[in-house]
Each structure stands twice: as structure tokens, then as C-alpha cells.
Amino acid sequence: MYERILVPLDGSDNAYFALEHAIELAKVFESQLFLLNVIDTNRFGVYSPDVFTSAAPDMMSFDEAQSKKLLEQAQERVEAHQLHAEIIRQTGVPKVAIAVDVPKAQNIDLIVIGRSGTNAISRLFLGSTTAYVVRNTEANVTVVNMPNDEAEEHERADTTQDETD
């Protein structure tokens, strides 16, 4: 039924929860997994040209290192289930890469995505990536929600960490 499954990852707990769901689907349907991380170049536009010119190389290097790390961690989770995934790392606009560019280039027939990710400010002003993907992709989409007890536990841990900083 699903031969090629795309899992966009942003490092959020919801994204990793979606990955676990995609792994289970890949086992059932003997699907090929594609793990995607998109370095958001839109966020660089919020800086003045002076700041952008001097800071961009350092910011991009940091983002590339973070992207590599989270995709390696995701690949380890996949391999723990005796599966393999193709790694895709891109720069650009995440919404467009997830909904249009990568599915067309890789002939994706299912996108498994977490309900919400790491960028609350972007979601407030621009709308959620997940909603954009659902509205704009030609592939089927499975939106994965974390169970309430796990989501609440992560929120409490984040609050506790903020208080100790």
C-alpha cells in the first residue's frame, strides 16, 4: 500500500513520535523510509543585512551540525528495528520541501508527520507546517499526535528545566 514513506524531522518530541509510527508502518508494508530535515533559510531574513552577512556562515554551520546530529539519531532508531532509511538534508522553506519538493523528487506516497514541531513563533505568524503539508501535498498524510500523558510529561520537564536555568 505504502512503498515510500517520508518522515520530516525537526528535533521535536512529536517528530520522533511520528518516526516511531512510520517505522511500524514500514514494517507492515515493507516500505522504504526517507528521513528529512530542512534547514530553514527563511529565518535568516529576519536579520539586518549587516548582521546577516557576518553571522550567516556561523548560523548555517551550526544548523548543518544540528541537522546531521538529529538525522543520525533518527537513523539509529530505524536501524534498531533492522530497517534502513535514506537520509535527506536540504536548505530552504521547510513547508514547501516537505509538502512538494521532496515528495515529487522521491515519489513519496505517504508523509508521516508530527502534529506540532519546535517553531511556535513561526506557527503563530505563518501557520503550522503540518497544516500546510496536509493542504498542499499530493501524497497521503498521516498526522501523529503524542499521547496526552507523554505530551504533558514533556511540557512539565521543559518547565522544570526553564526554572532551573
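Author: Two residues are in contact when heavy atoms of theirs lie within 4.5 Å. By that criterion, in this predicted model, residues 24 or more positions apart account for 78% of the contacts in the chain with a separation of 6 or more.

Reader: How many helices and strands are there in the chain, and what pattern does the chain follow along the sequence?

Author: There are 6 helices and 5 strands, and read along the sequence they follow the pattern β-α-β-α-β-α-β-α-α-β-α.

Reader: What makes the sheet an open one, and which are its edge strands?

Author: The 5 strands are arranged in the order β3-β2-β1-β4-β5, with parallel pairing, and form an open sheet. Its edge strands are β3 (85–92) and β5 (140–144), each of which pairs on one side only. Neighbouring strands of this sheet are turned against each other by 25° on average, direction ignored.

Reader: How do you know that β1 pairs with β2 and with β4?

Author: Two strands count as paired if at least two bridges are found between them. β1 and β2 (residues 32–40) have 5 bridges in the parallel sense, and I5 has L33 as its bridge partner in β2; β1 and β4 (residues 110–114) have 2 bridges, again in the parallel sense, with L6 standing opposite I111.

Reader: What is the hand of the β-α-β crossover from β1 to β2?

Author: The chain crosses from β1 through helix α1 (residues 13–29) to β2, and this crossover is right-handed.

Reader: Why is strand β1 called largely enclosed by the rest of the structure?

Author: Buried means under 20% relative accessible area, and 4 of the 5 residues of β1 (residues 4–8) are buried, so the strand is largely enclosed by the rest of the structure. For the chain as a whole, 36% of the 165 residues count as buried.

Reader: Why is S67 called buried, and which residues does S67 touch?

Author: The relative accessibility of S67 is 1%, which is under the 20% cut-off, so S67 counts as buried. This residue lies in helix α2 (residues 49–79) and touches N37, I39 and R89, when residues up to four places away in sequence are not counted.

Reader: Why does V100 count as partly exposed?

Author: Buried requires a value under 20% and exposed one over 50%, with partly exposed in between; V100 has 24% relative accessibility, so V100 counts as partly exposed. The C-alpha atoms of V100 and V133, 33 residues apart along the chain, are separated by 8.2 Å.

Reader: What makes V100 a kink in helix α3, and where does this helix lie?

Author: The bend at a residue is the angle between axes fitted to the seven residues ending there and the seven starting there, and at V100 a kink of about 30° is found, shortly before the proline P103. The helix, residues 94–106, lies across β1, β2, β3 and β4, and runs at about 145° to β2. Among the buried residues of α3 are P94, I98, V102 and Q106.

Reader: What follows α3 in the chain?

Author: N107 comes next, with a positive phi near 55°.

Notes
Residues numbered from 1 in each chain as written. Predicted model: local features only at pLDDT ≥ 70, side-chain atom pairs only at ≥ 80, totals over all residues. Heavy atoms only, no water. Buried < 20%, exposed > 50% of the residue type's maximum accessible area, 1.4 Å probe, protein only. Right-handed = clockwise from strand over helix to strand, strands pointing away. Axes fitted to C-alpha atoms, helices over the stretch in contact; angles between N-to-C directions.
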